[in-house]
Amino acid sequence: MRLLVCGGAGFIGSNFVRVRLRDHGDDVVVLDKLTYAGRRENLDGLDVEFIHGAIEDPGAVATAMDGADAVVNFAAETHVDRSIAEPDAFVRTHALGTYTLLEAARERAVRYLQVSTDEVYGSIDEGSFTESSPLAPSSPYSATKAGADLVVSSYFHTFGLETVICRGSNNYGPYQYPEKLIPLMVLNALHGDPLPVYGDGMQVRNWLFVEDFARGIGHVLEHGTPGEAYNVGGPDECPNIDVVRRILALTGAGEDLIEYVTDRPGHDRRYSLGSEKVRALGWEARVRFEEGLERTVVWYRDNPAWWEPIRSGDYRAYYERQYGRSLG
Ligand code: NAD
Ligand code: TYD
């Protein structure tokens with residue numbers, strides 16, 4: 001297949017491209033704006049055509065989509081804390097960007113997969129969300145992602161475009177920008193910096209190893225029914241404080257590094273995804289949290305050349321703004 005992968009220079013997108021080239025021999029074009037979170041280096045050594053551009057730019061999208069059999073859209077602003085501080089780019093990329101891609105896909109009748117998130121359903125105290133649960137997002141991040149999902153569905157219902165939506169739970173693994181919980185805590189533990197736990201640390205996330213999500217997206221692209229959404233949830237749930245304690249044990253750092261800090265406004269308490277629908281298509285998560293977390297810690301420990309430029313660059317200023325203290 002000739003695939004256009006939007007946002008393919010980010011964390012999940014670059015892992016997806018790696019899996020598609022390795023296991024399926026696809027022909028891949030990446031369109032990416034290279035925001036602070038997107039890095040050309042994430043695709044080093046991979047045989048892809050790279051186009052530097054934004055999904056809200058119709059000209060860049062037209063060039064990138066020519067000849068594609070399918071579009072997979074990862075391009076997004078992805079950090080909840082940044083969406084609280086500065087929502088502007090979230091609205092622009094998720095609303096205008098998704099619409100621009102859909103219009104180009106409609107003109108060319110190209111199959112379209114939207115990468116979405118469990119956060120569109122909001123928080124759930126017990127049980128798990130199914131694809132028919134109502135959308136009830138809490139943050140500007142999840143609200144704009146939910147809006148994008150609805151526009152995607154409208155292009156199926158109104159114009160007959162072949163669309164599918166894939167809603168993943170919290171991903172972790174190699175190449176994740178260190179603003180997110182797991183890489184942030186791993187790098188802070190390796191450096192002896194405090195580990196900032198929001199609120200009481202008892203919020204629960206449903207952890208999904210990034211390669212499992214990448215395989216799930218490919219599976220839905222090939223076997224999903226047009227017009228449908230598919231949840232792709234991880235095999236394990238874990239409260240944040242337990243994640244942090246496991247990271248401290250794996251890095252050999254002490255629990256005295258744990259620091260409870262002011263909670264995130266509107267913080268969702270628990271995410272949990274039911275994935276029966278995608279399992280019925282033949283997908284299954286392969287990596288349990290214990291194994292995936294260990295692999296992730298080893299990857300960060302062994303790849304300082306990947307994170308050193310981030311940790312010594314703009315990320316320092318972001319960290320100071322967000323946490324009111326500097327990194328050591
Ligand atoms: P990321 O922040 O690592 O990467 C996002 C990529 O999109 C970057 O390469 C960035 O440069 C690019 N991008 C941003 N705005 C763009 C624009 N306007 N035009 C073109 N490119 C643009 O994010 P990620 O964690 O890899 O997430 C990828 C997708 O998966 C997102 O849609 C996100 O909502 C979804 N998702 C993420 C998770 C998670 O836990 N990280 C879970 C479920 C779903
Ligand atoms: P995050 O990685 O930002 O993902 P999301 O908010 O999309 O689930 O956060 C995961 C959980 O970790 C969430 O409950 C917030 C919490 N968290 C902290 O306690 N401290 C931190 O410094 C960060 C970044 C997150």
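This is a predicted model: local features need pLDDT of at least 70, side-chain atom pairs count only at pLDDT 80 or more; totals for chains, interfaces and linings use all residues.
## Polar contacts and the model

A polar contact is a pair of N or O atoms within 3.5 Å. By that rule, a nitrogen atom of ligand 2 is in contact with a polar backbone atom of P196, at 2.8 Å.

## Two domains

The chain is divided into domain 1, made of residues 2-171 and 208-232, and domain 2, made of residues 173-205, 235-269 and 287-318. Taken over C-alpha atoms, the centres of domain 1 and domain 2 are separated by 24 Å. The contact between them draws 23 residues from domain 1 and 22 residues from domain 2.

## The interface between the domains

Between them, domain 1 and domain 2 bury about 2,200 Å², and 50% of this area lies on carbon and sulfur atoms. On the side of domain 1, the residues that lose the most area to domain 2 are F11, R39 and F209, which together account for 27% of what that side buries.

Polar pairing also spans the interface of domain 1 and domain 2, where 14 residue pairs are in polar contact, both residues of each pair being at pLDDT 80 or more. On the side of domain 1 that touches domain 2, at least two residues are supplied by each of the helices α1 (11-24), α3 (80-85) and α7 (210-223). Sorted by class, that side of domain 1 holds seven nonpolar, 10 polar and six charged residues.

Two salt bridges are found across the interface of domain 1 and domain 2. The side chains of R82 and E179 meet in a salt bridge, with an N to O distance of 2.7 Å.

## Surroundings of ligand 1

Ligand 1 is surrounded by 29 residues, of which the closest are I12, D32, T78, Y141 and K145.

## Surroundings of ligand 2

Around ligand 2 there are 18 residues, and the closest are E119, R205, R264, H267 and Y323. A polar side-chain atom of E119 lies 2.4 Å from an oxygen atom of ligand 2, while for H267 a polar side-chain atom lies 2.7 Å from an oxygen atom of this ligand.

## Salt bridges in the whole structure

Side chains of opposite charge can pair when their charged atoms come close. A search of the whole structure finds 28 salt bridges. In one of them D27 pairs with R2, the closest N and O atoms being 3.2 Å apart. Because D27 lies in strand β2 (residues 27-32) and R2 in strand β1 (residues 2-6), this pair ties together parts that are 25 residues apart in sequence.

Terms used. Residues are numbered from 1 along each chain as its sequence is written. Chains are lettered from A and ligands numbered from 1 in the order in which they are written. Side-chain values use heavy atoms; hydrogens and water are left out. Domain bounds come from an automatic or database domain assignment. Contact means heavy atoms within 4.5 Å. Buried area is the accessible area (1.4 Å probe) that two parts lose on being put together, summed over both. A salt bridge is a side-chain nitrogen of Lys or Arg within 4 Å of a carboxyl oxygen of Asp or Glu. A polar contact is a pair of N or O atoms within 3.5 Å; within protein, one must be able to donate a hydrogen and the other to accept it, and residues adjacent in sequence count only if both atoms are side-chain atoms. Helices (H or I, at least four residues) and strands (E, at least two) are DSSP runs, numbered from the N terminus. Ala, Val, Leu, Ile, Met, Phe, Trp, Tyr, Cys and Pro count as nonpolar, Asp, Glu, Lys and Arg as charged, and the others, Gly among them, as polar. A residue is near a molecule or strand if one of its heavy atoms lies within 4 Å of it.
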